[in-house]
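This report goes through a protein model piece by piece. Keep the sequence and the structure in view while reading.

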Amino acid sequence: MAKILVQGGNRLAGKITISGAKNAALPLMAAALLTDQKLTLTNMPGLDDVLTMSNLLRGLGVSVDRDGSQITFDAGNLTSTEAPDELVRIMRASVLVLGPLVAREGKARVSLPGGCAIGARPVDLHLNALEQMGAEISVRDGFVEVLAPSGLTGAFITFPKVSVGATENLLMAAALAKGETVLNNAAQEPEITDLAHCLQAMGAKISGIGTSRLTIEGVPTLSGASHPVVADRIEAGTFAVAAAMTQGDLLLENARADHLTAPIDILRRAGVEVIEQDGSIRVKCDVDRLPAIDFTTEPFPAFPTDLQAQFMAMMTVASGTAVIRETIFENRFMHVPELTRMGASISINDRSAIVRGVDGLTGAPVMATDLRASVAMVLAGLVAEGQTEVGNIYHLDRGYDQVEAKLSAVGAAIRRVEE
Ligand code: UD1
């Protein structure tokens with residue numbers, strides 16, 4: 001099993017190029033199912049989740065042709081409408097094929113995502129909304145089957161809860177439905193905007209992009225397109241924390257400050273300089289010990305749950321006590337025991353973590369418990385005394401494009417070892 005070893009104490013300085021966003025790439029890949037023409041995605045990140053989604057699409061009959069950071073998908077001859085258990089199990093975003101398959105083929109069968117490490121994560125919002133568009137839903141043998149033999153029809157849908165995945169699935173389904181669909185209380189994450197722009201390039205008629213109310217006028221067919229994947233705001237936010245924690249100076253090339261308003265606000269309140277320059281963000285920190293700042297995760301444009309673990313790592317060595325509230329996932333504090341092993345002082349009270357800043361962390365063997373938690377361990381390791389050994393790093397490879405190469409190029413003592 002591979003591990004990442006981090007030797008703490010180095011200041012990070014230099015340039016890091018931010019990759020395309022995982023959470024945009026996966027729904028964009030699912031959108032390839034909506035057309036019998038070619039969809040080319042550029043600025044694709046090199047991630048295990050992208051490989052998993054490629055395998056899922058291949059299993060449906062899609063041809064996938066990769067050329068560096070460009071991938072072309074051709075769903076001209078679909079041979080299956082089923083997402084198998086082994087792929088859904090390792091990547092929940094597999095459920096994103098549901099909407100496109102039902103819209104184009106009139107049927108889909110997707111293994112139900114099991115209980116995931118960071119919470120129950122059901123798919124009821126996706127299914128209820130598809131039902132409102134005329135689909136028949138049944139659950140059998142651990143699979144959900146969605147049928148709409150005469151196609152989906154537009155509907156006025158109000159999501160009872162904001163969901164990124166449900167908004168994406170329904171946006172794709174509505175693009176090929178008969179008539180108008182309104183998605184109320186839609187998620188507004190930049191990755192949804194990116195998907196909407198790609199669908200528009202494919203011929204979809206969508207208005208209200210970037211707001212919580214999307215209106216889609218269905219069209220009979222969509223065409224091919226070429227679309228660049230938006231920059232990964234979570235990767236950029238993660239490296240911004242790395243700069244702040246190491247009193248460093250990093251230029252994050254291609255990063256979008258407008259997608260990181262809430263995290264940047266916290267960094268600035270802590271005294272970190274965050275400068276927007278020519279489509280990049282420079283993060284420079286001259287503060288010896290950052291002050292503790294409270295924050296709460298909420299849907300975009302508020303603070304993202306996907307940066308909670310990284311900002312918590314930063315707060316473990318801040319001066320004072322930070323209260324961190326997680327409102328999106330009920331069990332997203334699994335990194336807390338691991339950070340505690342490194343000397344952090346954190347207690348959990350229901351959905352809040354109370355982080356009492358300590359003078360320093362010490363390196364320890366720790367486990368990556370989920371994707372974002374795994375990178376939080378790397379961040380803690382950058383400032384810990386001695387060596388931190390991060391195990392279970394398959395989580396890291398699912399969502400971070402060449403993280404060791406990017407960090408070592410700016411001065412981190414980090415390497416991967418195979419055991
Ligand atoms: C996406 C992101 C993930 C991020 C999350 C929240 C991708 C591939 N993944 O996940 O990185 O952490 O948004 O920003 O883009 N829920 C239900 N019923 C449903 C669907 C969701 O109750 O049918 C709940 C979930 O359990 C969770 C909340 O709604 O508590 C938000 O989940 P959702 O926004 O759907 O997250 P994902 O799309 O799975």
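In what order do the 4 strands of the open sheet with β4 in it stand? The order is β4-β5-β3-β14, and the pairing is mixed. Because β4 (63-67) and β14 (225-228) stand at the edges with a single partner strand each, one side of each has no neighbour in the sheet. From one strand to the next, the twist averages 15°.

The model is predicted: local features need pLDDT of at least 70, side-chain atom pairs count only at pLDDT 80 or more, and totals for chains, interfaces and linings use all residues. Residues are numbered from 1 along each chain as its sequence is written, and side-chain values use heavy atoms, with hydrogens and water left out.

Some terms need their rules. Helices (H or I, at least four residues) and strands (E, at least two) are DSSP runs, numbered from the N terminus. Two strands pair if DSSP finds at least two bridges between them. Axes are lines fitted to C-alpha atoms, for helices over the stretch in contact, and angles run from 0 to 180 degrees between N-to-C directions.

**The sheet with β3 and its helix**

Strands β3 (residues 38-42) and β5 (residues 70-74) run antiparallel and are joined by 4 bridges. In this pair, L39 stands opposite F73 of β5. Helix α1 (residues 22-31) lies across β3, β5 and β14, at about 165° to β3. Is α1 largely enclosed or left open? Since 9 of its 10 residues are buried (under 20% relative accessible area; exposed is over 50%, and partly exposed is in between, with a 1.4 Å probe and protein chains only), α1 is largely enclosed by the rest of the structure. Among the buried residues of α1 are K22, L26, P27 and M29.

Strand β21 (residues 352-356) runs antiparallel to β20, and 5 bridges join the two. N349 stands opposite S352 in β21.

**Empty space**

Rolling a probe the size of a water molecule over the atoms shows where empty space is left. On a 1 Å grid over the protein atoms alone, a cavity is a set of points where a 1.4 Å probe fits but cannot get out, and a pocket is an open set with protein on both sides within 12 Å along at least five of seven lines; lining residues have an atom within 4 Å of a point. Grid points are joined across faces, edges and corners, and a volume is the space filled by probe spheres set on the points.

The count comes to 3 cavities of 30 Å³ or more. In the classes used below, Ala, Val, Leu, Ile, Met, Phe, Trp, Tyr, Cys and Pro are nonpolar, Asp, Glu, Lys and Arg are charged, and the others, Gly among them, are polar.

| Space | Volume | Lining residues by class |
|---|---|---|
| Largest cavity | about 50 Å³ | 10 nonpolar, 1 polar, no charged |
| Second largest pocket | about 320 Å³ | 9 nonpolar, 5 polar, 4 charged |

Residues that line the largest cavity include A236, G237, L252 and V283. Two or more lining residues each come from α8, α9 (261-269) and β17 (280-284). The second largest pocket is lined by 18 residues, and the closest to its centre are M245, Q247, D288, V317 and V383. Helices α8 (233-245) and α12 (371-383) each supply at least two residues of this pocket's lining.

**Backbone details**

Most residues other than glycine have a negative phi, and most peptide bonds are trans. A cis peptide bond, with omega of about 15°, joins F300 and P301. P301 is placed in the loop between β18 and α10. N254 is not a glycine, yet has a positive phi of about 75°. N254 sits in the loop between β15 (249-253) and α9, and is partly exposed at a relative accessible area of 42%.

Terms used: Contact = heavy atoms within 4.5 Å.
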